[in-house]
Amino acid sequence: MSKLVVLVLYMAFFYSLSFGQNYSVLKGIVVDENNQPLTGASILLNPIKTGMVTDINGQFVIDRLPKGSYIIDISFIGYKTHVDTILINKSISYKAQLEVANLSLHEVIVTDNYAENRKKEESLNVEIVNDTYLKQNLGGSLMNSLERLPGVTTIAIGSGQSKPVIRGLGFNRIVVVENNIKHEAQQWGTDHGLEIDQYAVDNIKVIKGPASLMYGSDAIGGVIDMKNRNLPTNNSFGGTLDLTGKTNNNLLGTSISLYGRKNWFFTNARATYINYADYKVPTDSVDIYSYRAALRNNYLRNTAGYEKNLHLTLGIIQNGFQSKLFVSTVNSKSGFFANAHGLEPRNVDAELHDQSNRDINYPYHNVNHLKVVNTTHYNWEHSKLEFDLGYQRNLRQEWSEYVSHGYMPPVFPGSLSFDPELEREFEKYVYSGNVKFSQQVNDKTDWMVGMNGELQDNKIDGRGFIIPEYNQFSLGAFVFAKYSFTERSRIQLGLRYDYGKIETSEYHDWFPSPVVENGSTSLQYLQRAGNIDRSFSNITWSLGYNYDLEHWSLKANIGKSFRIPIAKELAANGVNYHRFSYEVGNSDLSPEISYQLDLGVEYHSKQFAIGATPFLNYFSNYIYLNPSSEFDRLYGNGNQVFYYTESEVFRYGVEVHAHYKLLPNLQLGIISEYVYSEQLSGEKKGFTLPFSPPASIILNLRYQKRKMIFIENAYASFDYRITTLQNDIVPPEETTDGYQVVNLSFGGEIQFKNQKVNISMQVQNLLNTKYFNHTSYYRLINVPEPGRNFIVNVSVPFLGKI
């Protein structure tokens, strides 16, 4: 509670400095090529990020604006986004006439010129999406909704959970950021999804490649940077009601948001509830090693679940000052596929599980993630000072029936402090802080200096063990500069220092095991983990260059990244029931060091565009789980033993996107990706890395029209995804056959009198194809991907004046 009090006092202090300022009003109208008003055009004013939409007359009003220079960004589907710089030193009127846009495959991905400009300014390869893209590509989880982006895949965990993979790297090599604070949970676990409410996310930037310079140690593979809604316009209120349905797992979901702003104070609240049943696969049985498990009506038993989320935002905006307080709690309960938990698929009570496809029986997990974040910034004429504070508590509990393994007692003793059915519990407290100062020195030069810090306190409980309790501290400082030689040519460079410290606590079994010493046998509580105290530090750097021509865009970036080993890699010593493995850490591991070269080239004209983003990547000591010839007989009924080790690794790959305009409203496009990895040393020299995604290509046909009968901004899209055979594997992985999948999406806006309704529909896996995803957690036990799935999302926005 003391940390929360500090956050409140922190906000109150900065609020007290923000009053007594002078303001101006910006009034405007947005019209089309025929000078007719455009209703529902999106207005975004940067850098204060105040957003709104035009009314039925195409008009908008933004008041209480501090004097200064602003970038106004006006977008409307089917039109080129209008971007202009305006100087506000008094109240002004503004008119914007939008031009009809040329269709682009990336218009679904990069939805406005502001995003395009950000892509051009970044020397790393990035993708930027908004909530429109997310609703048109709604998946089982937020990360599933991003899978259509080139270079982005997921490690899937059933129908409702997944972890991001960027260019073949995942887990603790990808940083997920929400509202400027790094999201911290149990991302080391294969079966642990992200506790993020995808309805609450309005904007996502995906950085492909090492981004340790700005985001710290774990961003060695990339970043998923998420932001919640922009500021509402003054003296207004509104919200959105979202309704979602899916046929494959009979999902029903709803999320409602309410926002309002009165002068300097604004607020936003959201509540989300999702309930889903067991999901279907296009097969009536799955082969789990040598055992065939029958599936009733194609349902993957015990994969049902629900999600209950609440969000609250409070904030203040004054002249050159803005502060927001975000409070959220994400709660979920979902079952594990009953035949896949441990090595007991024959002992599953199929009759119990098959009584209902909505019940949640053992084994299952409960997850609660509480997050409190404050972001505050001051703006001067050419400078900006930013502060971020974060508090997180992640509680994850895994429940299953008590089963004796090895020397565990047949009957659970009643004298222990934990429930016999509590298999594992992980409780993490995280305290985070960022500070950044940036300045525009002149028209050519910008620079930034910053610092990030984080403290983690991790507790464990339950009858099972895989990682010990630990504390982790990290601190980093960086400097970054950008210089523009001309309007078309710019260079970026940065330097960062990181320090990290991790301490693990010893752990002993709660039951005795017989130990033979000097010919005599005694019962001992075996030590599974010892005390580890290690510190790490490193200097990383980045150098990038961008060059833009009328039809060409070129970029290059070279840099060094760094990642400290996590507690699981250093001190694991237990069964991972979800991977059928016994995992052992190595306390002598060195931090990972990576060097990467990123390139980008794009050509675009009125009819045709094509781009490629190749990369080269070298790890001097990549850390991974290496399978051995040993088998554990004490704790897991014969699981194969895996040891954490390190190896030199060389990786390269490329993403390609292209489109051709066939007709004024019709375009043909492709999105493709390829990644190659090879270990250059160690026992698996010559092998690839685990979870290496196969090459794939999406052939896309998209039709989009401003108005079709009574549907505005209508669209229809056809995706034909071809994924190649993946035979470049590392044991115990299996070769995964290639496959082809057809997906459809269509939708638009319907006006009911003065009320607009957005409808997005999808048909995923149209032909109900049986195929295996090589990066799926369930691939190890031959569970195919979900079958045909019809998805409908209805979004009803509403707004008014206070």
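A residue is called buried under 20% relative accessible area, exposed over 50%, and partly exposed in between (1.4 Å probe, protein chains only). At 46% relative accessibility, L495 therefore counts as partly exposed. L495 lies in strand β27; helices (H or I, at least four residues) and strands (E, at least two) are DSSP runs, numbered from the N terminus.

This is a predicted model, in which local features need pLDDT of at least 70, side-chain atom pairs count only at pLDDT 80 or more, and totals for chains, interfaces and linings use all residues. Residues are numbered from 1 along each chain as its sequence is written, and side-chain values use heavy atoms, leaving out hydrogens and water.

How confident is the predictor? pLDDT states its confidence in each residue, from 0 to 100. The chain has a mean pLDDT of 86, and 91% of its residues reach 70 or more. Over residues 102-115 the pLDDT is below 50. Where pLDDT is low, the predicted coordinates should not be read in detail.

Now the strands. Two of them pair if DSSP finds at least two bridges between them. Strand β1 (residues 24-31) pairs with β4 (residues 59-65) in the antiparallel sense, over 5 bridges. There, I29 has Q59 as its bridge partner. β1 also runs parallel to β7 (residues 92-97), joined by 6 bridges. V31 stands opposite Q97 in β7.

Elsewhere, 5 strands form an open sheet with mixed pairing, in the order β8-β13-β14-β11-β12. Its edge strands, β8 (125-130) and β12 (181-182), each pair on one side only. β11 (residues 174-178) and β12 run antiparallel, joined by 2 bridges. E178 faces I181 in β12.

Next come the charged pairs. A salt bridge is a side-chain nitrogen of Lys or Arg within 4 Å of a carboxyl oxygen of Asp or Glu. The count comes to 26 salt bridges. One of them joins R167 and E655, with the closest N and O atoms 2.9 Å apart. This pair links distant parts of the chain: R167 sits in the loop between β10 (162-166) and β11, E655 in strand β38 (residues 640-663), 488 residues apart. Both R167 and E655 are buried.

D509 and R528 also meet in a salt bridge (2.5 Å, N to O). D509 counts as buried because its relative accessibility is 4%. R528 is buried too, with a relative accessible area of 10%. Salt bridges that share partners join E127, R167, K208, D598 and E655 into one network.

Notes: pLDDT is the predictor's confidence in each residue, from 0 to 100. Contact means heavy atoms within 4.5 Å.
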